[in-house]
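This report goes through a protein model in short sections. Keep the sequence and the 3D view at hand while reading.

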Amino acid sequence: MTNVQNALELIHTFASGDTYIQHNTGIADGVSGLGEALAALAKQGIAMVYTTTHQVLAQGSFVLAVSEGTFGGAHTSYYDLWRVENGKIAEHWDVMKTIADESTWQNSNGKFSFPSGN
């Protein structure tokens, strides 16, 4: 299995080239659009880092990953939804949210508390 690990030249092994549909309005469609967006962020000194994947759910042709990391140095949650077609990512939706400092939380549940199934 290929793992991109920031080697963006390998992204074509996962996504459907320039037919890949991006639903984030700040990023153009296609692998080239994703590359341009990431390059623009890097030029501004902004890194998008995933540190932990908490949950991956799949049903049919859809895969949801719930992750956390940093965006521009801020603790961030990432929810990425992909539609897979012919073994490659055909569409992508995402939500990113800065995670508040734990000292400000009104409860101890946290962003990534999932039911244990009991």
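## The model and its confidence

This is a predicted model, in which local features need pLDDT of at least 70, side-chain atom pairs count only at pLDDT 80 or more, and totals for chains, interfaces and linings use all residues. Residues are numbered from 1 along each chain as its sequence is written, and side-chain values use heavy atoms, with hydrogens and water left out.

The predictor's confidence in each residue is its pLDDT, on a scale from 0 to 100. The protein has a mean pLDDT of 87, and 89% of its residues reach 70 or more. Helices (H or I, at least four residues) and strands (E, at least two) are DSSP runs, numbered from the N terminus.

## The nonpolar core

A residue is buried if its relative accessible area is under 20%, exposed if over 50%, and partly exposed in between (1.4 Å probe, protein chains only). A nonpolar core is a set of buried Ala, Val, Leu, Ile, Met, Phe, Trp, Tyr and Cys residues joined through side-chain atoms within 4.5 Å. The largest one here has 8 residues: Ile-11, Ala-15, Tyr-20, Ile-27, Val-31, Leu-34, Ala-37 and Ile-89. Helix H1 gives the most to this core, with 3 residues. In soluble globular proteins, nonpolar side chains tend to be buried together.

## Two buried polar residues

Gln-22 lies in strand E1 (residues 21–22). Gln-22 counts as buried because its relative accessibility is 7%. Its side chain makes a polar contact of 3.1 Å with that of His-92. A polar contact is a pair of N or O atoms within 3.5 Å; within protein, one must be able to donate a hydrogen and the other to accept it, and residues adjacent in sequence count only if both atoms are side-chain atoms.

Arg-83 belongs to strand E4 (residues 74–85). With 18% relative accessibility, Arg-83 also counts as buried. A polar contact of 3.0 Å links its side chain to that of Glu-85.

## A loop residue

Asn-86 sits in the loop between E4 and strand E5 (88–98). Its phi is positive, about 55 degrees, although Asn-86 is not a glycine. Is Asn-86 buried or exposed? Asn-86 counts as exposed because its relative accessibility is 77%.
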